[in-house]
Amino acid sequence: PGLAFIVYPAGLATLPGAQFWSVLFFFMLITLALDSQFGMVESVATGIEDAFAKHLRGKKPLTVGVLCVVQFLFSIACVTQGGIYIYYIFDSYSGSTALILAVAVESLTISWIYGVNRMSRNIEIMKGTPVWYGWKILWAVVTPGFMIVIFIYSIIDYRPLTYNNQPYPWWGDFVGWIMTGMCIACIILPGLILLIKEQGTLKERLAKLCYKADTAAEKAFMAQKDAVIANEESYVWPTKANFHGPPDSHYVSSV
């Protein structure tokens, strides 16, 4: 917040027509915040709708409205006199370590459990064109590797929270770690609950949860693709022996 609300406004105040540039700058900040909020609200609302599909399916405006009101009520604490301290707790604990771990788990799950080839096939079904092979390497190796390295470095480089060179009380860091633990628990607990509810041995439960059979759309797409490949392999290209075109002597060059 210091860069956007202190440094830049102070620099704009020294320019000719400072009021004009300040209006443009803060209008840009508003549009940037709205754009970011659209994506975050949509992802959370979609997750809630999928989790409670029986009750919330078809009630998207209600879900988004309640979610925005709840987020607004939580954010009021960040605009009080001590709000900057609360903001830094959120930014340092829920927006860094926990977020990096969530992205790492997500990329590993999609690439190595759901399968990068199946993910590519789903995209090809929607787009109609094959996925570039380089994307598969990025999804399966580069992105998870970077996320794991960044997560390990964030743990090694951990320092107690400070603001203006003043350390937070011990309970400030404790609250921050509780926030981080809650974010991680949202990944672990649902998996444990599904694992407990599933029938069979541990290996059978993991296999049922991690592997899902191809959908009807995927089966139809693969059958169509196999048919196209089979037709291409069985097609006999014209050669001198079976190509019955005009004699060479009748050919007149246009060059």
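Asn-164 lies in the loop between strand S1 (162–163) and strand S2 (166–167). Asn-165 lies in that loop between S1 and S2 too. The model is a predicted one: local features need pLDDT of at least 70, side-chain atom pairs count only at pLDDT 80 or more, and totals for chains, interfaces and linings use all residues. Residues are numbered from 1 along each chain as its sequence is written, and side-chain values use heavy atoms, with hydrogens and water left out.

Most residues other than glycine have a negative phi. Asn-164 is not a glycine, yet its phi is positive, at about 55°. Asn-165, likewise not a glycine, has a positive phi of about 65°. Accessibility is classed by relative accessible area: buried means under 20%, exposed over 50%, and partly exposed in between (1.4 Å probe, protein chains only). Asn-164 counts as exposed, at 58% relative accessibility. Asn-165 is exposed as well, with a relative accessible area of 75%.

The protein has nine helices and two strands. Helices (H or I, at least four residues) and strands (E, at least two) are DSSP runs, numbered from the N terminus. The order of elements from the N terminus is α-α-α-α-α-α-β-β-α-α-α. The protein has 255 residues, of which 19% count as buried.

H5 and helix H6 (residues 133–156) pack with their axes 9 Å apart, at an angle of about 170°. Axes are lines fitted to C-alpha atoms, for helices over the stretch in contact, and angles run from 0 to 180 degrees between N-to-C directions. The angle makes H5 roughly antiparallel to H6. Angles under 35 degrees count as roughly parallel, over 145 as roughly antiparallel, 65 to 115 as roughly perpendicular and the rest as oblique. The contact of H5 with H6 involves 17 nonpolar, seven polar and one charged residues. In this classification Ala, Val, Leu, Ile, Met, Phe, Trp, Tyr, Cys and Pro are nonpolar, Asp, Glu, Lys and Arg are charged, and the others, Gly among them, are polar.

Pockets were located on a 1 Å grid over the protein atoms alone. A pocket is an open set of points where a 1.4 Å probe fits, with protein on both sides within 12 Å along at least five of seven lines; lining residues have an atom within 4 Å of a point. Grid points are joined across faces, edges and corners, and a volume is the space filled by probe spheres set on the points. The largest pocket holds about 2,100 Å³ of space. Its lining has 34 residues, and Gln-37, Met-40, Gln-71, Phe-90 and Ser-94 lie nearest the centre. At least two lining residues come from each of helix H1 (2–12), helix H2 (18–51), helix H4 (60–75), helix H5 (83–127) and helix H7 (170–197). H2 gives the most, with 12 residues. By class, the lining of the largest pocket has 25 nonpolar, eight polar and one charged residues.

The second largest pocket holds about 920 Å³. Its lining has 21 residues, with Val-105, Glu-106, Thr-109, Ile-187 and Gly-191 nearest the centre. H5, H7 and helix H8 (202–210) are the elements that give two or more residues to this lining. The lining of the second largest pocket divides into 18 nonpolar, two polar and one charged residues.

The structure holds 11 aromatic pairs. Rings of Phe, Tyr and Trp (its six-membered ring) pair if their centres lie within 6.5 Å; planes under 30 degrees apart count as stacked, over 60 as edge-to-face and the rest as tilted. Phe-20 and Trp-21 form an edge-to-face pair, 5.1 Å centre to centre, with 70° between the planes. Trp-21 is partly exposed, at 40% relative accessibility. Trp-170 and Phe-174 have ring centres 6.3 Å apart and planes at 50°, so this pair is tilted. Trp-170 and Phe-174 are four residues apart in helix H7, which means a separation of about one helical turn. Trp-170 is exposed, with a relative accessible area of 67%. Phe-174 is partly exposed, at 47% relative accessibility. Ring pairs also link Tyr-85, Tyr-87, Tyr-88, Tyr-163 and Tyr-168 into a cluster.

Gly-172 also has its place in helix H7. Gly-172 is buried, with a relative accessible area of 1%. Gly-172 and Leu-161 are 11 residues apart in sequence, and their C-alpha atoms are 8.0 Å apart in space.
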